[in-house]
Amino acid sequence: MSELPSGGDADARLERGLKTLGLVAGPVLAVAVFLWNPGDHPPEARRLLGILALAICWWITEAIPLPATALLAAALAIVTGVAPARQVLAPFADPVIFLFLGSFLLAEAVSRYGLAVRIAAWLLALPVFGRTGGGRMAAFATASAAISTVISNTAAAALMTPIALGALGERQRERPSRTDSGVLLMIAYGASIGGMATIIGTPPNLLVAGFLERLAGVRVTFAGWLAFGFPIAFVLLLVSLALTRLTIGRTALAERLPEAAASQPGEAGAEARAGARFTVLAFSLAFVLWLLPSLAQALLGRDHPLAAGLVKHLPEAGVALLCGALLFVAPVSWRKRRFALSWADGQRVNWGVLLLFGGGLTLGTLGEATGIARWAGEGIVASGLATSPESFMLLAVVTAVTVSEFASNTASATLLVPIVVAAAQQAGFDPVPPALAAGLAATCGFVFPVSTPPNAIVFGTGRVPLTHMIRAGALLDVACVLVVWLGMLLLRPLLPRAGV
């Protein structure tokens, strides 16, 4: 759940009130859950339940920054004796953390050298999008989604929004048009949907991969995610375009979109051109090395020595770190000893997301170790909601979409995926399809400005009426449930399997 952009004193007071309520309610809930002890758990599990109640309350209300809540929860798990420090803190060094770190470094270079802007300008200028308003709206959606596959959805929306505003022209904020609403909404939706396509596109994807490896012994590769993530994201992007045009109306944009995109800032000069070339090379190398092990296994077989060697020596995390770190030694000016990335660039990496990610993995792993996740899974099975793998996966998708409307997509995945894995195992189902479906669905919060950062960014322009966002977002949430559920059912043969 992102912070709602300032819309006046009333909004500010409401936000402060919600934070204050969460700040007080969190400890009260923690003590109440510990004393209540649903399920008659042993002491360690009771303490973890209390910590989870505190973390959930503070994540939903954002009483304190999300990464700070993750760190506090981990610290409380140590000092209350839930588990030793080495066990609690180990997930902060999980390989998927470093996969994200490496991809963040690559994304920082993309941003520094204006490559995302160039991608947007190129897409906006393609003849396939034509000169119609609908075609231009599709161009913005495609550009936002394409950029979001390699950088965060927040950054993608923040990049594309001023480009769109420049193309829309200077209209009065008090009288936003349907043109403004449709284009800006598609920037937000495209940024969120595009992140579903690749394993590095958004934090829930990597969280699911981390949980599956830790809790079910299943490894999801870059190529493996692409096989199901890209088709589902592609279909969902088309559906979002159709629904937005249906609910918001037809659009007619100015003809100066490529120029508006090209005017956005980016470094210039010989050093910038060299940095851009090195960034493209680093991304290309990462993409090839991420795909190479899966390609070798497909062509040579899993047991072939070359395929096995590539899998061993080219894990996704190692490739991401290698290609990201190489930019620190790629010279853009040898005489001045300047390189494609400096440590000042490295400091701009979103370290808070990495800490939040590590805390989420910690709580999920401890939930499994203490039996909390298994207890929650047994409750789901006993309720009769998991009568078949298909119905259970639908339940996981609906729950994830609903929770993501009120909590961040990372928090939603953190809370739900361990429970989904445990419940599937308890029911005798393969946990991979429902866990992956829940991870994808956690990104699908489209109804409110606070549902996702891209929603908040476009709503903050003042050109997207709340009624437009709610109307289009509610339909898109329903479409997300159907597309993700049916997509995972159809693509189930392409998924890795766990022993059940």
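Predicted model: local features only at pLDDT ≥ 70, side-chain atom pairs only at ≥ 80, totals over all residues.
Leaving aside neighbours within four places in sequence, Ile187 is in contact with Phe140, Ser144, Ala157, Met160, Thr161, Ala164 and Val458.

The chain contains 23 helices and two strands. Of its 500 residues, 54% are buried. When contacts between residues at least 6 apart in sequence are considered, 78% of them join residues at least 24 apart. The chain exposes about 20,600 Å², and carbon and sulfur atoms supply 67% of that area.

Ser240 is located in helix H11, which spans residues 222-248. Its relative accessibility is 0%, and Ser240 therefore counts as buried. Apart from neighbours within four places in sequence, Ser240 is in contact with Met186, Ile193 and Leu476. The other example, Ala77, belongs to helix H3, residues 66-79. Ala77 also counts as buried, because its relative accessibility is 0%. Setting aside neighbours within four places in sequence, its contacts are Ile51, Val82, Ala83, Val88 and Leu366. Ala77 and Arg47 are 30 residues apart in sequence, while their C-alpha atoms are 7.7 Å apart in space.

A disulfide is a covalent bond between the sulfur atoms of two cysteines. How many disulfides does a search of the whole structure find? The search finds zero. Cys480 shows the reasoning at one site: the closest cysteine sulfur, in Cys444, is 3.3 Å from the sulfur of Cys480, which is too far for a bond, since the cut-off for a disulfide is 2.5 Å. Cys480 is buried, with a relative accessible area of 0%. Cys57 is buried as well, at a relative accessible area of 11%.

Charged side chains provide another kind of link. The count of salt bridges comes to eight. One of them pairs Arg348 with Glu108, with the closest N and O atoms 3.0 Å apart. Arg348 lies in the loop between helix H16 (343-347) and helix H17 (351-370), and Glu108 in helix H5 (residues 95-112), so this pair ties together parts that are 240 residues apart in sequence. Glu108 counts as buried because its relative accessibility is 15%, and the cut-off for a buried residue is under 20%.

A salt bridge also joins Glu316 and Arg219, whose closest N and O atoms are 2.7 Å apart. Glu316 lies in helix H15 (residues 316-326) and Arg219 in the loop between helix H10 (203-216) and H11, so the pair connects parts that are 97 residues apart in sequence. The two partners fall into separate accessibility classes: Glu316, at 8% relative accessibility, counts as buried, whereas Arg219, at 34%, counts as partly exposed.

In a further salt bridge, the side chains of Glu271 and Lys336 meet at 3.6 Å, N to O. Here Glu271 lies in helix H13 and Lys336 in the loop between strand E1 (331-333) and strand E2 (338-339), so the pair ties together parts that are 65 residues apart in sequence. Glu271 is partly exposed, with a relative accessible area of 25%, and Lys336 is partly exposed at 41%. Salt bridges that share partners also join Glu108, Arg112, Asp345 and Arg348 into one network.

The last stop is the surface. Which residues form a nonpolar patch there? The patch consists of Leu292, Leu295, Leu299, Leu300 and Leu306, which together have about 470 Å² of accessible area. Helix H13, residues 270-300, gives the most to the patch, contributing four residues. Leu306 lies in helix H14, residues 305-313. Because its relative accessibility is 49%, Leu306 counts as partly exposed, the cut-off for an exposed residue being over 50%.

How values were computed. Residues numbered from 1 in each chain as written. Heavy atoms only, no water. Contact = heavy atoms within 4.5 Å. Patch = residues over 30% accessible without salt bridge, like charges linked within 9 Å, V, L, I, M, F, W, Y side chains within 5 Å. Areas by Shrake-Rupley, 256 points an atom, 1.4 Å probe, with all protein chains shown as cover. Salt bridge = Lys/Arg side-chain N within 4 Å of Asp/Glu carboxyl O. Buried < 20%, exposed > 50% of the residue type's maximum accessible area, 1.4 Å probe, protein only.
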